[in-house]
Amino acid sequence: MVSPVLLIAVPLGLAFLVPLISLVSRRAAMLVPVVACLFNLVVAITLMPGVLDQPVVEKIGGFPPPFCINLYAGPVGVLFAALIALAGLGIAVYAMAYIRTGPVDRYHLLYLLLLVGATGVVLTGDVFNLFVFFEILCISSYALVAYMGNKSGLEASVKYLIQGAVGSGLLLMGIGLLYGQFGTLNMADIANRMGSVNQVSVFVPLALIISGLGVEAAIFPLNAWLPDAHSSAPSSISAILSGIAIEVGLYAMVRMIFTVFGATSILMFMVFLGALTLLLGELCAFAQSNVKRMLAYSSIGQIGLILFALAMATSYSVAGGLFQLLSHTLSKALLFLAAGYMIYRSGSMEISSLHGMGKRMPLTSLAFTIGAFSLVGLPPFVGFPSKFLIVRAALARQQSIFTILLGFVLLGTLIEGAYFFRVVQAIYFKKGSGETGRSYAPAVALVSMFIFAALIIFVGIYPQPVADAVGSAATELLDRAEYVRSVLQ
Amino acid sequence: MTVELLLGVALGGALLTYVLGKISPGLRNAFALLNALALVVMISLLYGQSFERALPLGFLGLELSVRMNMLSWFFAVTILGIGLLSVIYSLVYMRNKERLDYYYATLLFINASMLGTVVAGDLLSFFVFWEMMSWSTYLLISLRGGSKAIFAGIKYIVMSLIGSLTMLVAIVSLYVSFDTLSITELAGHVQSTTMGQALFVLVLFSVTFVIINALWPFHTWLPDAHAEAVSPFSAILSAVLVRKGLYGLYLLMYAMLGFSMLGKLAWGALSYSNVLAWIGAITIVFAAFRALMQNDSKRILAWSTVGQGGYMVLGVSVATNLGMAGGTFHILNHCIYIALLFFVAGAIEYRTGGIRDLDSLGGLIKRMPVAFVGGLVGICGLIGVPLTNGFVSKWLIYKSLVLEGRPFLAFAAFLGTWGTILYGYKFIHNIFLGQLPDRFRDVKGIPFTMAVPIVILTVLIFLFGVLPGIPLSVVDQVGTYLGFESLNVSIWGIPSETGTLNVVNLLAALAVAGFIVWLVLRAIGRSVSVDQDDTYAAGAAIPSGKYHYTVGFYSPLYRIVGPYVRDFVDAFFLKIAGWTGSVCGVTRKIYTGFVGNYVMYIILFLAALIFVQIAWSPW
Amino acid sequence: MSFLESYAYYVGAFGLILIGLLVILVKRNLIKIIIGLSILDTGVNLFLISVGYLASGTAPIFSREGIDSGSMVDPVPQALVLTAIVIGVAVLALALGLAVRLYQNYGTLDMRKIKELKW
């Protein structure tokens, strides 16, 4: 049985090897993230069947919980770890061709650290450990946003950093208050003792933690950094930020609400917040003329949708939310990657400069189209089963408030459809003004886009394995007692 | 012969066509043709079979199934038949155009997904195929490029997305209640559901089907889309794609809800069928007037598609076996003559260099006789002139309306037909009659492969008009499948006490009348044939240039009715789109760009959370 | 007296946090905003330390016989603060580095003028 520690330790070790390797060969340094992600993917997939039956609780340092920092590799953790490794792999392959200028070795180092941070957040069972991994994730993403060193990248990075730092200050304060009340940092232990204290006094740390994690999870109104950062970063970084970073933030928040606090009373508020985030994100995206900014706002919308589903807190809805999260990761990563080379070739991020791309870059345009259709939730792409699950979950609540909210959610989907279809038309049917010659993206980048597109179509047609996995993940997230028992036994 | 194989061939053929196109255009064309032909042969072999079979692959724990019965077969035949003719027509029409691999592959893909919707045995696969149909259609509407075509595409997909989202909610609501999506199983369950849910589901489904069937007030996508698409595809759109909405209504009203439920959902005169019938009636009249005002050959046809959809809905919502047969038969007839007319309009466009403006065409009768005959017969079918197929179905619809005591609806239907006569005449006259503009002196006739579908459809119009028993026996089986009493169909029509239709008598009456007219003409004296110019100039010198004006057809009529038949629904929808745009423009202003504001949002959010907790402690 | 004695650290910590937030909110100069972040960070760290602080407590080491574990200072917050300080330094360094590059690009550090990315 492989240990889940490897999921964090190996990429972390490899990350710091990158500068050394690049002294020997720059090409080899580019391969390190690919190798690390491949390793993580294999480990996560080998772990998967086991944790579906029985979660693996890895005790670090040999003390029994709650005295040690423990890793909790349940279905949720391993599913997320696999998703991070998968998206990381695809994007790392793409970056081999895409990142050519600047300090390339540092890019790969930071990229791996980002992935380590994300994997750590989803696997850890300790609140402070979560904060540390979270900071690894955040700091490497601040730096990566500014990687190009251009005006907009720097501006976005600074703004992201300021908001992120305020957010992590709030988070740390919330953790401190929790420690003050419970004298422990172990999630299961806190959850176990949650019933013994006054609910009002727990609320302040809860509010602090929601606000702190909400900044990274990009919930309205804490998401003002996102459109700047995602649109100014290099496209591969936009892909990983949209596909992984904000999802991990959302995961951490949901884990806190569901497992640590068991705060069922705040869930209705989160449902509203999710619907609001979705609508505002889609409305802003509709008004954009910059394609990457449009994709960034659409990520806000999707986060809102995922939050909406997760906060409904039924097994269907959480499964639907996690499925939507997965489909968003795949689709949005593909969209950013495809947009990256289209922008690279046309030299501008304006949608109007993408006119005629369907002829110039047929394969990349096809990839963009698949991603867009999947995000809107059209069959036979992966967005459809997740949309189906969410709609089913909302209607299964049998309450008119959820039906009405579902109406707003679907309105958001409609707006999303409208702007994505507009871009697809611009790519295929509008006449480009400039060059018309064929210019394919590099083969490596096309391979990476092909991986995502193939997964989108495959899971869209045959969603059963993923549906099973997210189903048991949903059970884990909702079953607080089981989580406590399996850690503290 | 199984349905799975049929679907597989259809979908696989579409993809293979694209691949083959990369190898050789000739191979691609041959394969596309062969594929469409094979599908037609396969569906004919499935005639009369009735079965339902689960697909090997489920979806999220749901069993998917396909089925074949008379209803599916009827729609499948129209889809595949028009698909074949459209491919034949495209061979020449689309030659020398760009992106042909894409065109053929998408065309076949659309056909395959339409086929999928009608053979789907459960609502989930129905929805999946429906969505595939929607997006692939969107991908083909704008093929021509240009701002109008692009606008048409976005208009279509947004309305279609509204429809599919409402349908998704309806389907999932059924799934949540009954834990199955198989249409046959649902039919049993739905009978026992509450009125509220039945109404909820019915309204949501109806929105979808009304949108795709382009009934007022959701018709607005159709005129743009049909006019801007390439003509062979316009034919598919008008003839079969739009009628998926009716297939949906059939499923919903008769295969699932059934009469008892429909009967219960009524508050006095305000019953579902009545509302639907009135929507149909409004659509007929409104579309007829709108069509009159068009000056674009394809736009006239597009508006007539809207109007004819109204007739079908009238027939269907009357819900007697006669009305049902009329509605169903009208679907088939409309499919035949509207495809024919789009083929004719396309041929004119092809030979005149893309001209669709009726004011600048004219006199092409001698240059393009095949197109003229096709157009004339098509228009006769559209109007419902006796001995063409349109007469039979319209007669059935009128008869059922009159028998059911719905004089106002019948009047609306008649009014629509008068409008149809007027715009039909405009279509024929402005294209084929009158003076031939100089620049069209050298226009050639229709190329052979484009003439083939036109001739086939022309023959079919007469065949089904003279021997309506052939299609009516199928139509009657559709009715009996849906639970209607069987009509007594003979090869010449329907001899029954409720409404006798016998085309033999008609033929005889027409022959006698024709003979009398001939005799009278004989008796009056000999006629001399004169040149058209002489008729116009009354023997004086013939003016140079254009002297035979066909511009401003019906302009007095426009002056009277014009202010009342503006497409205000369309304007309203565009306003909504504009408002959405400005709301978006305002919303994005929250992100001011100053980082201090952003931090303020974070702190305000935190403060609001804590304040609300302290003040009301709602959670 | 007893209130101040037992809560002085908390008051100080929250005072620092509020000052930090205020600075971030009202200042336009990026360097001042970064200073505000640093003050905020210090406040949070002080808060963490005071959670585990015990007046006249001993070091949490069983260095000799007879030490009562109840009179020890809680060691965990100190470990946390060490980590938090390191993270804070990393963020600070990165922020200052970015500020330098931003100044080179824009010629100003006024965040009200650095508003190319908006809406």
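This is a predicted model: local features need pLDDT of at least 70, side-chain atom pairs count only at pLDDT 80 or more; totals for chains, interfaces and linings use all residues.

Me: Which residues make up α8 of chain B, and how far does the helix reach?

Reply: Helix α8 of chain B covers residues 195–212, which is 18 residues. From first C-alpha to last, α8(B) reaches 26 Å, close to the 26 Å expected.

Me: Which of its residues are buried?

Reply: In α8(B), the buried ones include B:Ala198, B:Val201, B:Leu202, B:Phe205 and B:Phe209. B:Ser206 and B:Thr208 are buried too.

Me: What do the buried residues of α8(B) pack against?

Reply: Four helices of chain B: α6 (147–178), α7 (183–190), α11 (244–264) and α12 (272–292).

Me: New topic. How many residues are in the contact between chains A and B?

Reply: Chain B puts in 43 residues and chain A 51.

Me: Which helix of chain B gives the most to that side?

Reply: α6(B), with 15 residues. Helices α5 (123–141), α23 (568–587) and α24 (595–615) of chain B also supply at least two residues each.

Me: How many residues of chain C are in contact with chain B?

Reply: 9 residues of chain C, in contact with 11 of chain B. The chain C side has 6 nonpolar, no polar and 3 charged residues.

Me: Last one: where are the domains of chain B?

Reply: The assignment gives domain 1 as 272–502 + 544–566 and domain 2 as 572–615. Their C-alpha centres lie 53 Å apart.

Notes. Residues are numbered from 1 along each chain as its sequence is written. Chains are lettered from A and ligands numbered from 1 in the order in which they are written. The expected span of a helix is 1.5 Å times one less than its number of residues. A residue is buried if 20 or more other C-beta atoms lie within 10 Å of its own, exposed if 12 or fewer, and partly exposed in between; C-beta atoms are placed from the backbone. Two residues are in contact if their C-beta atoms, placed from the backbone, lie within 7 Å. Ala, Val, Leu, Ile, Met, Phe, Trp, Tyr, Cys and Pro count as nonpolar, Asp, Glu, Lys and Arg as charged, and the others, Gly among them, as polar. Domain bounds come from an automatic or database domain assignment.
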